[in-house]
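Have a look at the charged side chains in the model below, and we'll talk them through.

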Amino acid sequence: MSVFKKFFNSIIKDRDNEDDTIKVKGKPKPKYYGTVTPYPNFNASSDASVLQSAIASKGVDEDVIIAVMVQRNNEQRQKIKVVYEASTGKKLEKALKSALHSDLEDISLALLMTPAQFDRLGTDEDVLVEVLATRSNAEIRELKRIFKEEYKTDLEDVIRSETNGDFTSALLAMLKANKDESNEVNMDLARKDAEVKSGKSTFKKYDWCYFRFLLRNLRWTLYPTFTHKYMLLLCVYLLAFQHYASISDVKLPKVLDMKLSGDIEDCLLDIVKCAWNTPAFFAEKLHRAMEGHGTCDSTLIRVLVSRSEVDLKKIVEEYRAMYDRSLQEHILEETKGHYEKILLGLCGPH
């Protein structure tokens, strides 16, 4: 239980209810919370030439390479790659791999990948859960396509061979890419129908139709291969977040005393954290990557690259609210040199 109490009491803030749309020509459009935006007056030929000069210069001009990488969005970088290969006869990735080293090389190559290409590298179990819980249905379908194209096998088959039990079922269910992506949440109705009374909850009284109804009202569609036990637990977690997330002296419902362990517990927790507050989920990931001895650079690179055109502005805001310091300050303490510079460039103005 301590993991839940610690998480509820000190990590996750309440769901942000601000209007996330703006009107463009009279029609609602989602606000943009990325830190990387399209470069104005973009010229792929000019950028390719600049990169070629920076790579070929004596000593390699890392500052120029970083400036191009963080000031162009992913779509523009893809165009630069095409022009660079056409004009030099060499792939830009190979040229950067020869010119750069260590973490700077890793993050530069990551920035040159499409989102799906980058996601397909995350086949570790914890990274898989992170990716599948935070990507859209379309992004998950593209990830599966790229994975099969690269490895000549289905991602589902790899998961079946390398995981087991309910955790396998959970991953395969998310890979179906059929979750409800509506933003409408009827919490009052869900709370009424999912009433959880301490010490009196039972799985037997809930039927499958009820699970479908409740989860759809909580933004998460039915995952058909989840067992009834874990479906109800997801519902309870989500409702518990609303009732207990900001209250430090209230015991959690006894239903959360269920004995869970290992990958399935981590999977369910990550799904709920993402459903409740995705930017806070990633802020926590970044903090864990840098706290204590050593830094998990793979996590830093994965989160900053993958969220730089999604919600990194919100993640930066959540980080300060959750840890009373800026993400940039923490990066300055834990990293150095050109690697530090490119990380800060992705985070946006400090």
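What follows is a short chat about salt bridges.

This is a predicted model, where local features need pLDDT of at least 70, side-chain atom pairs count only at pLDDT 80 or more, and totals for chains, interfaces and linings use all residues. Residues are numbered from 1 along each chain as its sequence is written, and side-chain values use heavy atoms, with hydrogens and water left out.

Reader: How many salt bridges does the structure hold?
Author: Side chains of opposite charge can pair when their charged atoms come close. A salt bridge here is a side-chain nitrogen of Lys or Arg within 4 Å of a carboxyl oxygen of Asp or Glu. On that basis, the count for the structure is 17.

Reader: How many residues apart in sequence are the parts that K341 and D63 tie together?
Author: K341 and D63 form a salt bridge, with the closest N and O atoms 3.0 Å apart. Helices are DSSP runs (H or I, at least four residues), numbered from the N terminus. K341 sits in helix α19 (residues 337–347) and D63 in helix α3 (residues 62–71), so the parts tied together are apart in sequence by 278 residues.

Reader: Which helix holds both K79 and E75?
Author: K79 and E75 form a salt bridge, their closest N and O atoms being 3.8 Å apart. The two are four residues apart, about one helical turn, and the helix is α4 (residues 74–88).

Reader: Is E75 buried or exposed?
Author: Buried means under 20% relative accessible area, exposed over 50%, and partly exposed in between (1.4 Å probe, protein chains only). E75 has a relative accessible area of 52%, so E75 is exposed.
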